[in-house]
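Biologist: Please take a close look at one part of this model, the surroundings of the ligand. Keep it brisk.

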Amino acid sequence: MADYSEMMEGLRKAFKSGVTKSYEWRRKQLEGVLSFLDDNRDKICQALKEDLHKPTLESAVFEIDFTRNDLIETMNNLKDWMKPEKAKRPLLNIMDTAYIQREPYGVALVIGAWNYPIQITVLPVLGALAAGNCVVLKPSEMAASTAKLLEEDLPRYLDKDCVKVVNGGVPETTALLKEKFDYIFYTGNTMVGKIVMKAAAEHLTPVTLELGGKSPVYVDENSDLSLVARRVSWGKLANCGQTCIAPDYVMCKKDIQDRLVEECKKAVDEFYPNTGKCEDYGRIINERHLRRIKKLIDGSGKVALGGEVDEEQKYISPTILTDVKATDPVMQEEIFGPVLPIMSVNSDEEAINYINKGEKPLAMYVFSKDHTVAEKFLQNTSSGGFVFNDTMMHAGLMSLPFGGVGSSGIGSYHGFRTFDTFSHKRAVLERKHGGEAMQSIRYPPYSEKKGSIVSWIMRKSPKKSGLRTLIPYFLFGTIFAVLFKTYGLHNKLPSLH
Ligand code: NAD
C-alpha cells in the first residue's frame with residue numbers, strides 16, 4: 001500500500017511555517033488556479049471529451065467557466081472575507097471586543113468524482129487555498145485523462161510545498177484516508193461517503209460530503225407541458241444524465257403522462273437530432289456503469305422512447321420509461337444515466353408520501369403554474385435544494401448553498417461558503433485590564449446580592465411588541481450617556497476590528 005506519511009510531513013511543515021496565512025500567498029494561489037484554467041482551456045475540453053465525450057460547450061460552461069466565476073468571486077472578495085467578523089455583545093461585554101476570526105484548518109484532503117471532474121475538484125481546492133490551507137487533491141481515476149491533466153498541469157501553477165495531487169484509485173484513497181487530515185471534502189456516492197466519514201472519525205476530522213441520491217420531479221397538471229419537457233429533458237440529458245442533481249424520475253397524474261411523453265420526445269428530437277452521431281450528446285463513463293444502466297432499463301416499466309445501447313461506443317440513447325412501479329429496479333437506486341422513468345400518482349399528497357418514504361434527495365423539482373403546489377412540497381418534504389419550475393439551475397447561484405441533507409450529503413459550498421467551509425470559525429473575545437471592580441461581582445465568595453445583580457445583567461427576556469421594546473434602550477442610553485460624561489469614557493473605548 002502506498003505510504004503518504006512523508007508527503008504529509010512536508011505539508012504539515014509547510015503549513016506550520018505560516019506561509020499560507022497571508023493574503024498575498026492566498027491571492028497568488030488563486031491567480032495560479034486562474035492561469036491553470038485559462039492556459040489549459042483546450043486541453044481541459046479535450047480531456048473531458050476523452051473521458052465523457054463531453055460536448056465542448058458543456059465543458060466550457062459547466063466545468064471551466066462555472067469554476068472560473070466562483071474563483072473570480074473569491075478573488076474579488078477574499079480581503080473582506082478574511083476580515084474578522086464583528087459579533088454582537090451583550091451588556092456584560094459592552095466594553096469588550098468580540099469577533100469571529102476565520103482561520104485555516106491545516107492540511108485538507110479533496111476527493112473528487114468523475115462526472116464533472118474539473119468543477120468538482122478545482123472548486124473545493126480553490127476554496128481551501130483561499131482559506132489558507134495546504135491541500136491534497138485526489139481526482140477520480142475513472143475520468144483518467146482529466147485526472148492526468150490535473151496531476152501534471154495544476155501543480156505547475158501552485159506552491160509545490162503546499163499543494164499535492166495524488167492520481168490514484170481505491171488503494172491510494174484508502175492509504176490517504178489513513179493519514180490525519182484537518183479537513184476532508186469528498187464528492188461521490190453515498191456508500192463511499194460512509195467509508196470516508198468512518199476514516200475521518202478516527203482522527204476526529206471534520207468533513208463535507210457531497211453525495212447523491214434520487215432527485216424527484218413532480219409535474220402538476222396545471223403546467224405548460226412543453227416547457228416542463230424541455231427543462232426536464234435538458235436536466236436529464238446534459239452530461240448523458242451523469243449529474244448529481246439531474247432529475248432522476250418524474251411523478252405526475254396518469255391523465256397528463258401521455259402528453260408529457262410526447263412533449264419530451266419533441267424536446268429530445270430538437271436538442272439531439274440523430275443522437276448517436278450528435279456531438280452535443282455525451283457517453284457513459286465506462287462499461288460497468290453502462291451495463292448497470294442497461295439492467296435498469298431492461299427490468300423496469302415500458303420503453304416509450306429510446307432504450308438503444310451500444311456497448312462499444314458506451315452509448316445509451318435518451319430513454320423514457322412509462323408504467324413504472326415503485327418496486328422496479330430503476331426506482332431502487334440513483335440512475336445516473338439518460339433514463340427518465342415516469343411514475344403515475346393520483347395526487348400531490350401521494351407524490352409527497354412517496355418522496356418521504358425514501359432518503360432525503362439532493363434536489364427536488366416541482367412544476368406548476370400554481371405557487372401553492374410548490375409551497376406544499378416545500379413544507380412537507382426535505383431536500384438539499386429545491387427548484388420551482390426548472391431543473392438544476394439553482395447550482396449556478398453562488399449565493400445559494402450547494403449541498404445535500406441526510407444521505408445526500410453533509411455541508412455545502414459555492415461562493416463564500418466554500419471559503420467558509422475550509423475555515424475554522426474561531427471565537428475571539430478581547431478584554432481590557434481595567435474595570436476589575438465591576439467584574440468582581442462574578443467571583444466567589446458568592447452572595448445573594450451578587451447573584452441578583454449578575455442575573456439581572458445576564459437575563460434575557462422574550463421580545464415585547466410596541467413601545468415597551470424601547471424602554472431598555474432608553475434606560476441604558478441614559479446610563480451610558482451619564483457614564484460617558486462623568487468618566488470621559490469616549491477616550492478609552494476599545495478599537496473594533
Ligand atoms: P467515483 O467512483 O469517482 O468515486 C469518488 C471518489 O471516491 C474517487 O476519487 C474514488 O477514487 C474514491 N473511491 C471510490 N471507492 C472508494 C473506496 N472504496 N474507498 C475510498 N475511496 C474510494 O465517483 P462516484 O461515486 O461514482 O460518483 C458518482 C456519485 O457521486 C453519484 O452518486 C453522484 O450523485 C455523486 N455526486 C455528487 C455530487 C455533489 O456535489 N453532491 C457531485 C458529483 C457527483
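Modeller: Here is the ligand site, step by step. This is a predicted model, where local features need pLDDT of at least 70, side-chain atom pairs count only at pLDDT 80 or more, and totals for chains, interfaces and linings use all residues. Residues are numbered from 1 along each chain as its sequence is written, and side-chain values use heavy atoms, with hydrogens and water left out.

Start with the shell. The ligand is surrounded by 27 residues, counted when one of their heavy atoms lies within 4 Å of it. Ser140, Glu141, Asn189, Leu211 and Glu334 are the closest. By type, the shell holds 15 nonpolar, eight polar and four charged residues. Here Ala, Val, Leu, Ile, Met, Phe, Trp, Tyr, Cys and Pro count as nonpolar, Asp, Glu, Lys and Arg as charged, and the others, Gly among them, as polar.

Now the polar contacts, meaning pairs of N or O atoms within 3.5 Å. Glycine 112 uses a backbone N or O atom, 2.8 Å from a ligand oxygen. Asparagine 189 places a side-chain N or O atom 2.6 Å from an oxygen of the ligand. Glutamate 334 also has a polar side-chain atom 2.6 Å from a ligand oxygen.

On its own the ligand has 850 Å² of accessible area (Shrake-Rupley method, 1.4 Å probe). The protein covers 92% of that.

Last, the elements. Helix H7 (170–178), strand S6 (183–187) and helix H8 (190–202) each give two or more residues to the shell. Helices (H or I, at least four residues) and strands (E, at least two) are DSSP runs, numbered from the N terminus.

Definitions and conventions
Polar contact = N/O pair within 3.5 Å; in protein donor to acceptor, adjacent residues only side chain to side chain.
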